[in-house]
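Below are my notes on the model, as numbered points. Please read them alongside the coordinates.

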Amino acid sequence: MSKSVKVKKGIDINLLGKADKSVEKAKASDVYALKPDDFFGLVPKLAVREGDEVKAGDPLFFDKENSDVIMVSPVSGEVAEVKRGEKRKILEVKVLADKEIKYKDFGAWQGGSREELVDRLLKMGLWAFIKQRPYGVIANPKDSPRDIFISTFDTSPLAPDIAFLISEDKKFFQKGIDALKMLTDGNVHIGRQKGDSFFSDITGVESCEISGPHPAGNVSVLIHHTAPINKGEVVWTINPLDVVLIGKSLAEGRFIADRTIALVGSEVESPKYYKTRIGAQISSIATGKIKAGRVRYISGNVLTGSREQAEGFLGFYHTHISVIPEGDEKKFFITDGWLAPGLDKFSLSKAYPSWLLPKKSYRLDTNMNGEKRAFVVTGELEKVFPFDIYPMQLIKAIMVNDIDAMEKLGIYEVEAEDFALCEFVCTSKVGIQQVVKDGLLDMKKEFAS
Amino acid sequence: MKVVDNLLGKVRPVFEKGGRFEKFWPVFDALETFAFVPDHTTKNGAHIRDAIDMKRTMFLVIVAMVPALLFGMYNLGYQHYMAIGQEATLIDMFVFGLIKTIPIIIVSYGVGLGVEFVFCIIKGHAIYEGFLVSGMLIPLIMPVDIPLWMVAVATAFSVVFVKEVFGGTGMNILNVALTARAFIFFAYPTEMSGNKVWISLNGEGAVDGYTGETLLGQAVGLEGNVGFHDVAGTAYASIADSFWASFVGLIPGSIGETSALAVLIGAAILIWTGIASWRIIFWGLIGGAVMGMIFNLVGPSISPENMYLQVPWWHQLVMGGFLFGVVFMATDPVSAAQTTRGKVIYGFLIGLLGILIRVVNPAYPEGIMMAILFMNVMAPTIDHYVVQANINKRLKRLKTAKTTA
């Protein structure tokens, strides 16, 4: 029985540089890296030392709070460097890749009990793909989730077409679903974009059709409109491409980190898809394909992704690399600033006349377009926040660290990415996603047992 | 603009930390960011940002006020020449109003921004744009011949006591401009009420029959029938005539508030651009209309001699500062209710109370001022209950989940 949800609040940001539907094999990356910061809330402990030899599937680091949760190397080779930042925080664990990848063999998954499956997923490093609500951190293997949610489409700016990416691996997607189904006593819910037919024959799931502007593709929207999370409940979420990796890795008995990603954005010469691996160096994909000028590389989408240099690495969960112009130039107020006509300026409001051109694609840079202010304008966050939650009140509760109010206002139901559009539209330029992240970690700490 | 940039770059070190005028950094920063949107870039999180910022927002509000301002200038001249019984051209009238208004605008901005600068220098934080709007609103709600020192005192009082002591722009508990008006209303009532202050005779003799009463003033003493007259004492032929005069704005009143038409143009700009909440404006009008209708309905039976109750509700809406208040004052996002549902309640009650106070309490002919200030105070309470309802819904869902589990 398929449910249907229409999301009204939100906004599609139409950027230049969408990917063409053609796939190319990227140059093999020399170095791969895992970044502990990709795993929200994780305190990493190293499992290797510089100079160690690893196979694809050998642990690089693990969760300090739960040593069963390991992050494994996407390739075989030598641990080249553990890059540290302030206070010796681990930033990157780099592996110099072998020419021929050697895999650690776990043996194909032949079926078994739930405990055996959990154990297998943990050992293979596949567990890191499964996240939980509340808090948006990696799932706790000791929990039994009420339900599992998967959104099969991405509505964020320049997002890749997920059905296109999975087209050859559909059977592995189904295998992944079958495995996940064993993990919960409840349902596996999938959210499908309205009009989608690709995922219609996936079995063993509760399916929900969702239509509307971004953030309609966020998994939070699916959860909120099918079975919202209550205090004390735990649900798990997982990205659709990671379902494929789980299905594939279980079937072949080795950790397969293959990813087809999109290289997109206004500064990319001809945006399209590339076959690579998790943790690949961005330059291995992007070199020679970027227009001249100062650009910013973002692993992930322009609203939630992480800022990288060309020598940086593709994030663990990310499915695209966005390249947009840096906006580190002053803008004279009449010609280009706040008093300019501004036909090339994109805004949720109609403060600039670009609303006359609804079909226009924009080349937006990283300028803040204004200075940080106290909250003044009200009602704008609500326009892009399709949840029955008061965003401004919740953000303020987090800012004053009022745990009780955060809980009452529904912090369990959201993740920072759900506030990405709020941050985008905020007239006062408040860094809302960071506030929400801080709030989630505060809550987690408060209730840590 | 390269020239300006170079110039700013040259004087910049003087204001930076360790410079001679280090303390005046906020002032320099305000000027620099006025001329150039700074080169600040996003760090992490949302890498791209909406083009809108506080400056654009405030600028658009000022644009929305321009029709009311221009018409107000013209109307000052129109009323003046009508009161002294002289013929005058449109240009004459406008210039008269211009000369009267400019000093008030200068004093309002001068004092308000001055206070703001001082506080920002003391606190060492950037100067926010909030007063750009307040500074224009204040002249628009002043009587024409208000002594400039009173404008100065009222503005300073208002900026200091309802804004800066609470933390500056974004933190004010009341509408700043309206508080300035209320301050004069209570501290110097003879300059803000009565029949003498709304029209500038400029020392010249008035025509016979001149009264200088606003329509609101006349309404209190209406006898026998609902009939208004203009400043020269000529009665309007019909209620429709006085309605149209009020709608267009050729009636006495504060500088920018008289023209319903000009205010509605402003409202259209604010609503279309998405700067002001259409809910507050719409429900404010509904609230006012409902109260007016109630008076129209019950007036003849409960108090037949009080003709104010029988002023048609659609006429009530265009008299005095009602519309101006609902469009430009009630919508101040900081002092208004912040939740969507809260805005509906807040707007509706402002309209309702505005007409109620105006009609039943002759001491406060301009009820909308009181209504908005009162609802500014009540807004957090409204929001509290709206948010509480959301919280209760969540708790209820939790209970159902528990019982079914």
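1. The centres of domain 1 and domain 2 of chain B, taken over C-alpha atoms, are separated by 23 Å. Domain 1 of chain B covers 54-191 and domain 2 covers 276-390; such bounds come from an automatic or database domain assignment. Where the two touch, domain 1 of chain B gives 13 residues and domain 2 of chain B gives 11 residues, a contact being two C-beta atoms, placed from the backbone, within 7 Å. On the domain 1 side, α3 and α7 (176-187) of chain B each supply at least two residues, and α7(B) has the largest share, 4 residues. By class, that side of domain 1 of chain B has 9 nonpolar, 3 polar and 1 charged residues. Nonpolar here means Ala, Val, Leu, Ile, Met, Phe, Trp, Tyr, Cys and Pro; charged means Asp, Glu, Lys and Arg; the others, Gly among them, are polar.

2. On provenance: this is a predicted model, in which local features need pLDDT of at least 70 and side-chain atom pairs count only at pLDDT 80 or more, while totals for chains, interfaces and linings use all residues. Residues are numbered from 1 along each chain as its sequence is written, and chains are lettered from A and ligands numbered from 1 in the order in which they are written.

3. The contact between the chains takes 64 residues from chain A and 51 residues from chain B. On the side of chain B, at least two residues each come from α2 (25-35), β1 (36-37), α3 (54-83), α10 (260-273) and α15 (367-404). Helices (H or I, at least four residues) and strands (E, at least two) are DSSP runs, numbered from the N terminus.

4. A strand pairing also links the chains: β20 (residues 331-332) of chain A and β1(B) pair in the antiparallel sense over 2 bridges. Pairing requires that DSSP finds at least two bridges between the strands. In this pair, A:Phe332 stands opposite B:Phe36.

5. Chain A has an open sheet of 6 strands in the order β1-β13-β12-β11-β14-β10, with mixed pairing. The edges are β1 (3-6) and β10 (131-133) of chain A; each has a single partner strand, so one side of each is left without a neighbour in the sheet. Neighbouring strands are turned by 30 degrees against each other on average, direction ignored. Within the sheet, β12 (residues 188-193) and β13 (residues 206-211) of chain A run parallel and are joined by 5 bridges, with A:Ile190 opposite A:Ser207.

6. What packs on this sheet of chain A? Helix α4 (residues 219-226) of chain A does, touching β1, β10, β11 (148-151), β12, β13 and β14 (235-237). The direction of α4(A) makes about 130 degrees with that of β11(A). Axes are lines fitted to C-alpha atoms, for helices over the stretch in contact, and angles run from 0 to 180 degrees between N-to-C directions.

7. Two cis peptide bonds deserve a check. The bond from A:Arg133 to A:Pro134 is cis, with omega near 0 degrees, and A:Pro134 lies in the loop between β10 and β11 of chain A. A:His214 and A:Pro215 are also joined by a cis bond, with omega about 15 degrees; A:Pro215 is in the loop between β13 and α4 of chain A.

8. Positive phi values are the next item. A:Arg88, not a glycine, has phi of about 55 degrees and sits in the loop between β8 (77-84) and β9 (90-97) of chain A. A:Arg88 counts as exposed, with 8 C-beta neighbours inside 10 Å. A:Asn401 has phi near 55 degrees, lies in the loop between α7 and α8 of chain A, and is exposed with 12 other C-beta atoms within 10 Å. A residue is exposed with 12 or fewer other C-beta atoms, placed from the backbone, within 10 Å of its own, buried with 20 or more, and partly exposed in between.

9. Among the buried residues of α10(A) are A:Ile432, A:Val436 and A:Leu440. Their cover includes α7 (391-399), α8 (403-408) and α9 (420-425) of chain A.
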